[in-house]
Amino acid sequence: MSRTFNRLQRVLDLETKQGYKNTAVVGGIRQFVTYWVGQAREEVADEQDRALVEQIADVLSDYGRLPGPEARAKAISDLNMQLQRRQERLGGQKPAQTKTRTASRQEAKAATAVAEPEVDDPPYASEPDEPPRRQRTYKQVEPDPQGLSQSVTTLKGVGPKIAEQLAKLGANTLWDLLYVFPRRYDDYTLMKPINRLQYGEQVTVIGTIWETRARRSRNNQVIVQSTISDGTGNLQATWFNQPWLTEQLKAGTQVVLSGTVDQFLGRLVFNSPDWEFLELDPLKTRRIVPVYPLTKGLGGNKMREVMHTAVDQWAARVPDPLPQSMRDRQNLDMLPVALEQTHFPDSQQELHNGRRRLIFDELFLLQLGMQASRYDWQSQPSHKIEADPAVMVRFRNALPFELTGAQQRVIDEIAADMIATVPMNRLLQGDVGAGKTLVAAAAMLCVASVGHQAALMAPTEILAEQHYQGLSKLLTQFGVTTGLLTGSTPAVAREQILAGLADGSIQVAIGTHALIQEHVQFHNLALAVIDEQHRFGVDQRQALRDKGTGIGDKVNPHLLSMSATPIPRTLALSLYGDLDVSILDEMPPGRQEIKTRWLPGRDRERAYTFIRKEVAQGRQAYVIYPLVEESDKVEAKAAVADHQRLDEQVFPDLRVGLVHGRLSAADKEAAMRAFKEGELDILVSTSVIEVGVDVPNATVMLIEGANRFGLAQLHQFRGRVGRGEYQSYCLLIADSESDEAGERLAALEKTNDGFALAEKDLELRGPGEFFGRRQSGLPELRLASLLDMEMLEKAQQEARTIFADDPLLAKPEHQLLRDRVAQFWADAADVS
């Protein structure tokens, strides 16, 4: 029983310290006593304590209605005196009999129930009744797209300063603002008081800071600990390396905490929970509260207030582009209702329904845009390429090895595509070393054999030069003329190549983005090949395709995109829709599995010893770094500094070279050539080596800071070795031991399957980081995930249905949909 009274004493002390403002606990003293008296009645041991409990309930139930600080101070002073007398009594004095005052307590409770405003009740009030539902503001009103295009300053309370902050969140117009969605929700309707929390729960609680203190751990890390109480119990929250919190989380501060309930020495705790200051207002009390993304100068309460005004006044005016029949088939909310319930949901079910509609919209508009792009592309004529079958027979006979079954299958698929007058739009996927370039060579030979031109664009000069060396050697056997055009091509040679492309005397052009400059003209480009297509921006890919409308026929070229970064199977539907995809799922004979090991930083010397052992056997090694030079902002090893250390201290007797993106093309070429020709034992590099020359003698790939690369990129690095007859190895050293880094590197250890790794990379990093928006050409998805296969399939099915009936969305009933697709795709182009 003394523990219960001690809790009361702490509340009274804090209320005194705060000047009798009724803020010692969230919801006020009255709410605290509601919980406290229930617990006290259960624990009461004698009639004297029972009477005291009821007396305290009487006084504190009416505390919020007392007229001013003086009256409240007197009430608390009287209670303190009663508590002091209890302490003296328990110290040995004979208990006195006191009559209970249940009747007066009930009268006081009844009075306060009428007088106290509902907002003073905490969000997790214990009454069993369902929390009051917010009435929907949506009414059948006339859509007003023009009004929605107005500035956010149209809203009351939004001036130039607030508008500037909203613009940082991407909201310039009212329409933009309605699509700034909450990043999470605090469900106050289901919130538990602290005394009901259970270990392992993901919860949000509200309470008052009792105290906050900071200390240092053994490794000098600052640990900030706060004790939070909500009147039912206490909870300790801990944050690491955030010393400024001691100034923000002062005693008496009311806060919202969200996190997972942990346990320490038998007590429930929060470790590094999210938190924000609490102000009980009508937008928070007893409801599911949206928590919006913020920016400096724009607080959570103000943002909620702005959003509430925008939703109330404008959500009903948003036009709904989906036909009623589609909404019925897919059981979707109307768009205004979905917007309202996503921002200020009446219940978890309404929130689910609202978000489901908005997610469907994004995926549906995504599919419609891709369908339209491909319709537009294929509506233009293309060259009909009918090569003599004998050309392919001669091609196969000229090779020093047999084509794999997968290579022959894909060559046949491409040949069948190019016979048609509809332009080919095919993606060729294959793991590192699967033989994609040879397939492209066969396609280019077919085109050149009938008098047309082909072009291959690579993302780097190193890769373009490698392609040129291999392709020119192969194609010249068949009388095909080739040319290399990069940013480093000398002026005289450049003029000769440009002239050859314009008059058709150069049949196959290989190069970098230099191929798409305005003054580059082709005579009759019939095939455009884009290597590592995801590394080019949408505009760059389109520019190469546009070269088909040059000096000769005004037609689209056939397009073959190649990628050694496998696109995960779960993305094929969403990213490419009906695009033709070919997969080289066989590796050429002789390719060995590369043994991969993840090492802690302390085992770096072991890795160096292993490299020395391989070099002693006549092999070579790569060492990859995430940075060119050391940075104050990023604690990662850098190629330039470590090259010097490796060259002078670790391997002074070996030949250590250096290549990185800041070197001139000539210097990069010289370093790569020296390594390939065996003049270097070790090549230190940055990610520029991701697509580099083939060095069959290289057997070790050591990657420093491996956690800083994506799985797909790590797999590309690994593919630089294992290209000869010798067993090869990939050693990964991470400068972070986070769970995510560990999961990523462990996945690389387990498999050499690029497609499986791409799936894992997508799962860990999400589509945005996997591709990068500029490379993918996809509009930004605010709510939807490209991994939501069920919703994706529904969206694609509906898109196909509408597109089959009205590919241009020209019908009057599709006008809103056409406008919405255009708006959705405004910042992106096609994905091919």
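1. Helix H28 spans residues 789-805; helices here are DSSP runs of H or I with at least four residues, strands are E runs of at least two, and both are numbered from the N terminus. H28 has 17 residues and reaches 24 Å from first C-alpha to last, close to the 24 Å expected at 1.5 Å a residue (the expected span is 1.5 Å times one less than the number of residues). Please keep in mind that this is a predicted model, in which local features need pLDDT of at least 70, side-chain atom pairs count only at pLDDT 80 or more, and totals for chains, interfaces and linings use all residues. Residues are numbered from 1 along each chain as its sequence is written, and side-chain values use heavy atoms, leaving out hydrogens and water.

2. Which residues of H28 are buried? They are Met-791, Leu-792, Ala-795, Gln-796, Glu-798, Ala-799, Ile-802 and Phe-803 (buried means under 20% relative accessible area, exposed over 50%, partly exposed in between, with a 1.4 Å probe and protein chains only). Seen down the axis, these buried residues fall within an arc of 165 degrees, so they line one face of H28; the arc is that of the directions from the helix axis to the C-beta atoms. Glu-790, Gln-797 and Ala-804, on the other side, are exposed. An α-helix has 3.6 residues a turn, so residues three or four places apart point the same way.

3. Next, have a look at Ser-582 in strand S15 (residues 580-584). Ser-582 counts as buried, at 2% relative accessibility. Its side chain makes a polar contact of 2.5 Å with that of Glu-413 and another of 2.7 Å with that of Arg-426. A polar contact is a pair of N or O atoms within 3.5 Å; within protein, one must be able to donate a hydrogen and the other to accept it, and residues adjacent in sequence count only if both atoms are side-chain atoms.

4. Tyr-622 and Phe-675 form a tilted aromatic pair, 4.8 Å centre to centre with 55 degrees between the planes (rings of Phe, Tyr and Trp, the last by its six-membered ring, pair if their centres lie within 6.5 Å; planes under 30 degrees apart count as stacked, over 60 as edge-to-face and the rest as tilted). Tyr-622 lies in strand S17 (residues 620-624) and Phe-675 in helix H23 (residues 665-676), so the pair ties together parts 53 residues apart in sequence. Tyr-622 is buried at 0% relative accessible area, and Phe-675 is buried at 1%.
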